[in-house]
Amino acid sequence: MKECEYRQIPPGTPAAPPSSEPPAPAASSMAAAAATPAHGRRRKWEVFPGRNRFYCGGRLMLARHSGVFLLTLGLIVVTSGLFFAFDCPFLARNLTLAIPIIAGILFLFVISCLLQTSFRDPGILPRATPSEAADLEKWIDSLGTSTYRPPARTMEVVINKYMVKLKYCYTCKMFRPPRTSHCSVCDNCVERFDHHCPWVGNCVGKRNYRYFYAFILSLSFLTAFIFACVITHLALRSQGSDFLTVLKATPASVLELVVCFFSVWSIFGLSGFHTYLVASNLTTNEDLKGAWSNKRGSEFANPYSHKSIFTNCCAVLCGPFYPSLIDRRGFIQADAGTPSTPKSEIPSFGTKSDASMCVRGTKEILRTLCASWQNPRRPQEALSNI
Ligand SMILES: [Zn+2]
Ligand SMILES: [Zn+2]
């Protein structure tokens, strides 16, 4: 995960250009844009600035480089397919019909969770429109003093009695809300950013984390189940005959064993790690950076934690479903150069309910943050969580 590059902008200068060159539209976007007649109404996904691919008229989205995602899908489908074709008939005949039924249910659940994680908007925040960016620049400039130093591009807000430092994103032209980070692969700011996962071909964030967690957890069960069943299959077949002869007679089962053996450890480890994150209401991003570790003293604990494992699990996995803020299927307004953001509830910073935070646009974020800023108390020590 690579952060945006930061540059200080002297007061009075016009809006700074992004730190990197603006990304070229995705290949599918260009194709769709070329196919759209000049007089036709274009949808917002066709001019989406991030590095994403869109399918089915913008209903599905994926990171641009999705080769590893296809490998994940292929490994699951091929391994499960070999199991159903070569092991299940024998096991159903000699043991119980429950084995193929359980494997089938697990397989369908795993695939549905994977597709939900991969093709869903992970919680992308729309970039500021030119007018919003200009307003923000003006406001930041107004904070400058008579000294030569430009105003710092950070902002401090109180969340659950803790000071949290918000950083300015030069690409999206806004202050990132708490727990938001800019994905350098997809070139988007993502709410409650966990990490960018090439295996699922998407960022993992506020809107798809629960599917990601369900995916790795159910994949652990499926892998362990297939592994145990294949071992049982080979053991039953080898009764009264040479084990090596059985292995030569069942190459598909051997292949399944190898794939399951080498993948089960990493999948189990990942499931355990994310179970710890869910129980602590942490993200991978925060945990790797040690944002809320106790190195600064126990008083700087994770401000988003509900102090109870059960409540944290409920908050992360059973919270409300959030609408997508990028409104990728919406039409571009004829009089607007950039897509507008959909209407949603203005967030309330300063409370623990980060899960209920929903933004409308940079102006609204700014207004809400300014309200939080009215508190003149300066932080004893600013915390940086992003
Ligand atoms: Zn950003
Ligand atoms: Zn990403």
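A residue counts as buried when its relative accessible area is under 20% and as exposed when that area is over 50%. The views below are taken from a predicted model.

**View 1. Arg 192 in the loop between β7 and β8.** Arg 192 lies in the loop that connects β7 (188–190) with β8 (195–197). With a relative accessible area of 12%, Arg 192 is therefore buried. Its phi is positive, at about 45 degrees, although Arg 192 is not a glycine. Most residues other than glycine have a negative phi.

**View 2. Lys 173 in the loop between β4 and β5.** The loop between β4 (162–169) and β5 (174–175) holds Lys 173. This lysine, which is not a glycine, has a positive phi of about 60 degrees. The relative accessible area of Lys 173 is 13%, so the residue is buried.

**View 3. Lys 161 and Pro 303.** Lys 161 is located in the loop between β3 (154–159) and β4. Because its relative accessibility is 76%, Lys 161 counts as exposed. Although Lys 161 and Pro 303 are 142 residues apart in sequence, their C-alpha atoms are 7.8 Å apart in space.

**View 4. Helix α4, residues 130–142.** The 13 residues of α4, taken at 1.5 Å a residue, should span 18 Å, and the end C-alpha atoms are 18 Å apart, in agreement with that expectation. Buried residues of α4 are Glu 132, Ala 133, Leu 136, Glu 137, Ile 140 and Asp 141. An α-helix has 3.6 residues a turn, so residues three or four places apart point the same way.

**View 5. The crossing of helices α7 and α9.** The axes of α7 (residues 251–280) and α9 (residues 309–317) come within 6 Å and cross at roughly 100 degrees. The two helices, α7 and α9, are therefore roughly perpendicular to each other. On the α7 side the contact is made by Val 278, Ala 279 and Ser 280, and on the α9 side by Ile 309, Asn 312, Cys 313, Val 316 and Leu 317. By class, this contact has six nonpolar and two polar residues, with no charged residues.

**View 6. Spans annotated as transmembrane regions.** An unreviewed UniProt entry places the feature "transmembrane region" at residues 68–86, 98–117, 211–234 and 254–279. In the predicted model, residues 68–86 are 100% helix and 0% strand, with end C-alpha atoms 27 Å apart. Residues 211–234 are likewise 100% helix and 0% strand, and the end C-alpha atoms of this span lie 34 Å apart.

Terms used:
Residues numbered from 1 in each chain as written. Chains lettered and ligands numbered in written order. Predicted model: local features only at pLDDT ≥ 70, side-chain atom pairs only at ≥ 80, totals over all residues. Heavy atoms only, no water. Helix = DSSP H or I, 4+ residues; strand = E, 2+ residues; numbered from the N terminus. Expected span 1.5 Å × (residues − 1). Buried < 20%, exposed > 50% of the residue type's maximum accessible area, 1.4 Å probe, protein only. Axes fitted to C-alpha atoms, helices over the stretch in contact; angles between N-to-C directions. Parallel < 35°, antiparallel > 145°, perpendicular 65-115°, else oblique. Contact = heavy atoms within 4.5 Å. Nonpolar A, V, L, I, M, F, W, Y, C, P; charged D, E, K, R; others polar. UniProt positions renumbered as here; feature names shortened; annotations may be inferred.
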